[in-house]
Amino acid sequence: MAFDIDMIKGVYSKMAEHVDKAREIVGKPLTLSEKILYSHLWDGSPTKAFVRGKDYVDFAPDRIACQDATAQMALLQFMQAGKPKVAVPTTVHCDHLIQAKQGAALDLKRANETSNEVFDFLASVSNKYGIGFWKPGAGIIHQVVLENYAFPGGMMIGTDSHTVNAGGLGMVAIGVGGADAVDVMAGMAWELKFPKLIGVKLIGKLNGWTSAKDVILKVAGILTVKGGTGAIVEYFGPGAKSMSCTGKGTICNMGAEIGATTSTFGYDESMERYLRATDRADVADAANKVKEYLTADPEVYANPEQYFDQVIELDLDTLKPHLNGPFTPDLATPVGELGEKARANGWPIKVDWGLIGSCTNSSYEDLTRASSIAKQAVDKKIKPKSDFGINPGSEQIRYTAERDGILKIFEDLDATIFTNACGPCIGQWDRSDVKGDEKNTIVHSFNRNFSKRADGNPNTHAFVGSPEMVAAIAISGRLDFNPMTDTLINEEGVEVKLDEPKGIELPPTGFAVEDAGYVKPMEDGSGVKVSVSPTSERLQLLEPFEPIGSKIESAKLLIKAFGKCTTDHISMAGPWLRFRGHLDNISNNCLIGAVNAFNQKTNFVKNQLTGEYGGVPDVQRQYKAKGIKTIVVGDHNYGEGSSREHAAMEPRHLGVAAVIVKSFARIHETNLKKQGMLALTFANENDYDLIQEDDMFNFIDLNEFAPDKPLTLEAIHADGSKDLIKLNHTYNDAQIAWYNEGSALNLIKKQNAS
Ligand code: F3S
C-alpha cells in the first residue's frame with residue numbers, strides 16, 4: 001500500500017485542537033482553507049491570527065510530490081543535506097520525459113532508452129532516501145496523487161504547478177520550486193505568505209453537455225490568468241456537493257491557470273465514494289470522524305461575503321459548455337459562439353486533433369463521458385474528421401478503461417493511445433501531420449494552451465474544453481460545431497445529431513490494475529549506491545558551495561540588468577530543460593536573457609579582463625577562473641516569474657557573490673539566500689544609476705553583517721571617483737548562518753553531523 005494511514009490519522013488527531021484554538025484566536029468562524037492552514041503550522045498550535053496577504057507563515061506540509069523534470073535538481077540538492085531519509089513522505093513520478101509519437105508501447109520504450117540515466121538516477125535516489133518511486137508509464141503525478149495519496153484536510157507541496165489538483169480531495173496542495181521541497185524533505189519548515197481567500201459558491205447542478213471543466217473555464221474567464229494570485233479558491237454550495245470528486249479535481253487543477261495559490265473543496269460524500277473506490281476505506285473512515293473540521297464552519301457558507309475576500313456565485317443549472325483559447329486559458333467562449341469569434345480573428349475553423357486526458361481530465365467519469373460521444377460516431381456511422389489522441393492519467397485508469405471497453409471505443413475511431421504521461425500537454429509531442437509553423441487548430445481537455453505548449457508550433461491554436469466536448473468537436477472536425485444544436489451528415493448521407501454525454505462516476509466493478517508502476521523504497525537504503533556518470537551531459541552530482549566569506553573586495557560587475565528580469569531571463573527554459581540535472585551545463589544559460597543596461601543587448605557584456613564583449617556565462621567563467629568575485633545589478637521585481645532554483649544556483653555556481661537590485665521577487669530573493677549568496681536592495685533606488693560598466697566594488701562592512709543593519713558598497717569608477725552606496729537586506733540570523741556556511745544545505749549538513 002502506497003499511502004500512509006498512520007500519518008493521516010496523526011494529522012486528524014490534532015486537527016480539532018488546532019482548529020478550535022485558531023477559531024478562538026481569529027475570533028470568528030473559519031473557512032476550510034483556514035482550518036487546514038492553522039492545523040499545519042510549523043510551531044504546532046496557533047498562537048496568533050495571521051493577516052491574509054501579508055504575514056509570512058512557516059508551515060509543516062504532510063507530503064511532497066515531485067515530477068521527473070523538477071525532481072532531478074531537487075534530489076541532487078537533498079543529497080547535499082546529509083540526511084539518511086526524507087523527513088516527510090515523498091514520491092517521485094516519471095511523467096514529463098516521455099514523448100508522445102507512435103503510441104504507448106513504442107513511445108515508452110523510446111523514453112526508457114533516451115532518458116534511462118535520469119530514470120535510473122531518480123529510482124536509486126528514491127530507494128536510498130525512502131522516497132516512493134513511480135516508474136515511467138505509471139501515470140501522471142497529479143492523477144496518481146489523487147488516486148493514492150491526497151486526503152481531506154491534508155497539506156501537500158509538489159514541484160509542479162498542477163499539484164493543486166489534489167484540492168479535489170479536500171487538500172491544500174501547492175506547487176513550489178525544488179528548493180522549497182528540499183527544505184521540507186530535509187526537515188525544515190516551509191514558508192508561505194498567508195493567502196487571501198476567494199469563495200466560489202456553486203448552486204444548481206451540472207446537466208446535459210456541461211461538466212466540471214466548464215466551471216473552471218468560466219471562472220478563468222471571470223478572474224483571468226492573474227485573478228487568483230496570492231489566494232486560495234474555496235468552492236462550496238449545493239453545486240459542489242453534487243459534483244464528483246474527480247470533477248472537483250479538474251476544477252482545482254486549473255486553478256493554476258488563474259494564478260491561484262491553490263483551490264479546494266470541503267469533504268463530502270463524493271470524496272468518501274472516491275476514497276472507498278480507490279481502496280482507501282480507512283482514510284474515509286478516519287475522515288468521517290473529523291468531518292466538521294474538513295469543511296468550513298456553517299456560518300461561513302451561510303454568509304460568505306463576511307469571511308472571504310471575494311465571492312463569486314455560479315449557477316450550474318444555466319452554465320454553458322465552454323471552449324477557452326487560443327493561446328490563453330482565460331479567453332472563455334461558450335460553445336456555439338466560437339465560430340463567429342474564430343472567423344473574426346482568423347483562427348482556423350478546421351480542427352486537426354482532439355486530445356483527451358492529461359492530469360486535468362482523465363478520470364473514469366471523463367473517459368466514460370467522452371467515450372459515450374465517441375461511441376455515437378461508430379453507432380451513427382459518422383467518420384471523425386480529426387485525429388484522436390488519448391493520454392490516460394494513470395495505469396490504474398488505463399487498465400480499468402481497457403477492461404471496461406472504453407479504450408476500445410476510441411481505438412475503433414483510430415485514436416492513438418499515448419503513454420500514461422504528460423506527452424502533448426508539455427510539448428512532448430512529435431507531431432507529423434503539420435509541417436513547420438503551419439497555422440492549425442487543435443482542441444484538448446488539458447489545462448494550458450499557451451503558444452508552443454503542445455507541439456512547439458507557435459501557430460497551433462489550442463482550445464481547452466471538457467473531454468466530451470473535445471470528442472464532439474473532433475468528430476465534427478470544426479471549431480464552430482455546437483453539438484447541442486447542430487447536426488452532422490453521416491457516411492450514408494443521413495443527418496444525425498449527437499446525444500448528450502453520459503458518464504459513470506466510478507467503475508461499477510471497481511478499479512483494477514496489474515502493475516501500477518509503484519516501487520516501494522527499501523526500509524534501510526543506506527547501502528544503495530547512487531551512480532552518476534562523470535561524463536553525463538544531463539546529470540551532475542553537486543559539490544557543496546564554498547562560503548563567499550566576509551570579504552568581498554575588488555569585485556567586478558557581471559551585468560547591470562535593465563528592466564524586466566524574470567527567472568526565465570536568468571535561467572531560460574525550452575531546450576535547456578534537458579540539463580536540469582546538470583548544474584554546470586545548465587549554467588551556460590545563466591542570465592543570457594537579461595538585457596544589459598549599457599548596450600540594451602542580451603548576452604553581451606564587457607569582460608573587464610580583456611575589454612572585449614562576450615556572452616554572460618563565458619565572461620563570468622573567466623572571472624571565476626581568476627578567482628574574481630562579481631556582482632549582478634538589477635531593476636525592480638528581479639527574479640519574478642517562478643520559483644525555479646536554477647536561477648539562484650547558476651550564478652552561485654559560476655561565482656557571482658551578490659545580486660543587488662531595486663527590488664526582488666520574494667521567492668527568488670529567498671532562493672539566493674538559500675544558496676549562500678548576498679541578495680541586497682538599493683536603499684535609494686536611484687543609486688542603480690550610479691553603477692557603471694567598469695566599476696570595481698568593495699563591501700566595506702560585510703564583516704558586520706547582521707539583521708536589520710544595512711551594508712555599504714563602495715563603487716570605484718574608472719575615473720577614480722567613488723560612491724558609497726547603502727544597501728538594505730532582509731536576512732535574519734538563520735539566513736546569515738546560511739551565508740556564513742555557504743548555503744542552507746551546508747548548514748543542515750553541519751547540524752546533522754554535530
Ligand atoms: Fe503533465 Fe500537463 Fe499535468 S505537463 S503534470 S499533464 S499539466
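Domain bounds, as used here, come from an automatic or database domain assignment. The structure is a predicted model, in which local features need pLDDT of at least 70, side-chain atom pairs count only at pLDDT 80 or more, and totals for chains, interfaces and linings use all residues. Residues are numbered from 1 along each chain as its sequence is written.

**Domains and the ligand shell**

The assignment divides the protein chain as tabulated below.

| Domain | Residues |
|---|---|
| domain 1 | 5-43 + 52-315 |
| domain 2 | 324-429 + 438-484 |
| domain 3 | 555-753 |

Domain 1 and domain 2 each supply at least three residues to the shell around the ligand. There are 13 residues around the ligand, and S358, C359, C422, C425 and I426 come nearest; a residue is near a molecule if its C-beta atom, placed from the backbone, lies within 6 Å of it. By class, the shell comprises seven nonpolar, four polar and two charged residues. In this classification Ala, Val, Leu, Ile, Met, Phe, Trp, Tyr, Cys and Pro count as nonpolar, Asp, Glu, Lys and Arg as charged, and the others, Gly among them, as polar.

**Contact between domain 1 and domain 3**

Taken over C-alpha atoms, the centres of domain 1 and domain 3 are separated by 34 Å. Their contact takes 16 residues from domain 1 and 16 residues from domain 3, where two residues are in contact if their C-beta atoms, placed from the backbone, lie within 7 Å. On the side of domain 1 that touches domain 3, the elements giving two or more residues are α3 (68-80) and α7 (178-185). Helices (H or I, at least four residues) and strands (E, at least two) are DSSP runs, numbered from the N terminus. The largest share of that side, six residues, comes from α3. Its classes are eight nonpolar, six polar and two charged residues.

**Packing of α8 and α10**

Helix α8 (residues 212-223) and helix α10 (residues 245-253) have axes that come within 8 Å and cross at roughly 20°. Axes are lines fitted to C-alpha atoms, for helices over the stretch in contact, with angles running from 0 to 180 degrees between N-to-C directions. Helix α8 is therefore roughly parallel to α10, a term covering angles under 35 degrees. In the pair, A212, K213, V215 and I216 of α8 meet G247, K248, T250 and I251 of α10. This contact has four nonpolar, two polar and two charged residues.

**Backbone features**

G325 and P326 are joined by a cis peptide bond with omega of about 0°; P326 lies in the loop between β12 (322-324) and β13 (332-334). Q600, although not a glycine, has a positive phi of about 60°, and is placed in the loop between β23 (595-596) and β24 (605-606).

Conventions
Parallel < 35°, antiparallel > 145°, perpendicular 65-115°, else oblique.
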